[in-house]
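Q: Could you walk me through this model, and tell me how the terms you use are defined?

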Amino acid sequence: MRNHFVLVPGPWMGAWVWEPVTRGLRARGHPVSPVTLSGLANAEADVSTVGLATHVEDVLTLLEQEDLRDVILVGHSYSGIVAGQVADRAPGRVAHTVFVEGFLPHHGKSMLHAFPERQRAGELRLIAENRGRWPTPDVTIVADGQDLSFQQANWLVERFVGHPGHTLSEPAVLTRPLEQQRATYVVCAKDHFGGKISPDVAAMRGRPNWSFHTLNTGHWPMVSAPDQLVALLSSISSGASLASESR
């Protein structure tokens, strides 16, 4: 049994960032749907009405229109908040959620709540100054300590677009505890903080439905270590399929 993968990119990116992983998973026989969320296909589009709920609806619409079930839903960075809410809303369609260096959704809190208050205010100011978009980082920040060559970092930055700002400040909505989801958290050991995870992520260790894995790479493993990420996702799929058959 091959699970269908739905790959949701982090901030500033579209489905294109998953290209190496998409190829690798398809080569192993997995159907794959990489997603470009609203406001991230065109840097000039009006994003004034694009919020976190919009991005959740983007993924739910894909699942419903394609009638996808037993999906492995993968969210990177910001999109961990999206993926966690989609799994909450559509438990009959999502077999397993994978958070790749992802922020976790917490009911009533936004992604910016994970930042210190001063930084949160600074990011909101930047968004206001950039037509409602969270501006893209420069290539030195992307490359610094992230196991990327300058060419890889430049490839990313050249394709980045400003991220719809409302999605960062809009609170998440969950109907059940996050720990009840069947989930895997992927820690990238070469990230800026050496793989250090936040307290809310650490709190999920030991939960019966959660597992943790570490990749020896930086924050963008789909670029810096796609083969390792493909192998890990494929192994997660095998475990999810067995769990589904036993239910």
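The chat below goes through some strands, helices and residues in turn.

Q: Before we start, what kind of model is this, and what are the ground rules?
A: This is a predicted model, in which local features need pLDDT of at least 70 and side-chain atom pairs count only at pLDDT 80 or more, while totals for chains, interfaces and linings use all residues. Residues are numbered from 1 along each chain as its sequence is written, and side-chain values use heavy atoms, with hydrogens and water left out.

Q: Okay, strand S3: is it buried or exposed?
A: 6 of the 6 residues of S3 are buried, so the strand is largely enclosed by the rest of the structure. Helices (H or I, at least four residues) and strands (E, at least two) are DSSP runs numbered from the N terminus, and buried means under 20% relative accessible area, exposed over 50% and partly exposed in between, with a 1.4 Å probe and protein chains only.

Q: Which way do the residues of S3 point?
A: Val71, Leu73 and Gly75 point one way, whereas Ile72, Val74 and His76 point the other way, and all are buried. In a regular strand the side chains alternate between the two faces of the sheet.

Q: And which strands does S3 pair with?
A: Strand S1 (residues 5–8) is joined to S3 by 4 bridges and runs parallel to it, with Val6 having Leu73 as its bridge partner in S3. S3 also pairs with strand S4 (residues 94–100) in the parallel sense, over 6 bridges, and there Ile72 has His96 as its partner. Two strands count as paired if DSSP finds at least two bridges between them.

Q: What does His76 touch?
A: His76 lies in S3 (residues 71–76) and, at 1% relative accessibility, counts as buried. Leaving aside neighbours within four places in sequence, its contacts (heavy atoms within 4.5 Å) include Val8, Trp18, Val100 and Trp220. A polar atom of the His76 side chain also lies 2.7 Å from the backbone oxygen of His219.

Q: Switching to helices, which residues of H2 are buried?
A: In H2, Leu52, His55, Val56, Val59, Leu60 and Leu63 are buried. Seen down the axis of H2, they fall within an arc of 135°, so they line one face of the helix, where the arc is that of the directions from the helix axis to the C-beta atoms.

Q: What covers them?
A: The cover includes S1, S3, H3, S4, strand S6 (163–164) and H7. After H2 comes Asp67, whose phi is positive, near 50°.

Q: How does the length of H4 look?
A: The 13 residues of helix H4 (residues 117–129) should span 18 Å at 1.5 Å a residue, and the end C-alpha atoms are 19 Å apart, which agrees; the expected span is 1.5 Å times one less than the number of residues.

Q: Which residues of H4 are buried, and what do they pack against?
A: Gly122, Glu123 and Ile127 are buried in H4. They cover an arc of only 140° around the axis, which puts them on the same side of H4. The buried residues pack against strand S5 (133–134) and helix H7 (166–169), while the face turned away carries the exposed residues Glu117, Arg118, Ala128 and Glu129.

Q: Where does Leu126 sit?
A: Leu126 lies in H4 and is partly exposed, with a relative accessible area of 35%. Not counting residues up to four places away in sequence, Leu126 touches Arg133 and Pro135.

Technical notes
Polar contact = N/O pair within 3.5 Å; in protein donor to acceptor, adjacent residues only side chain to side chain.
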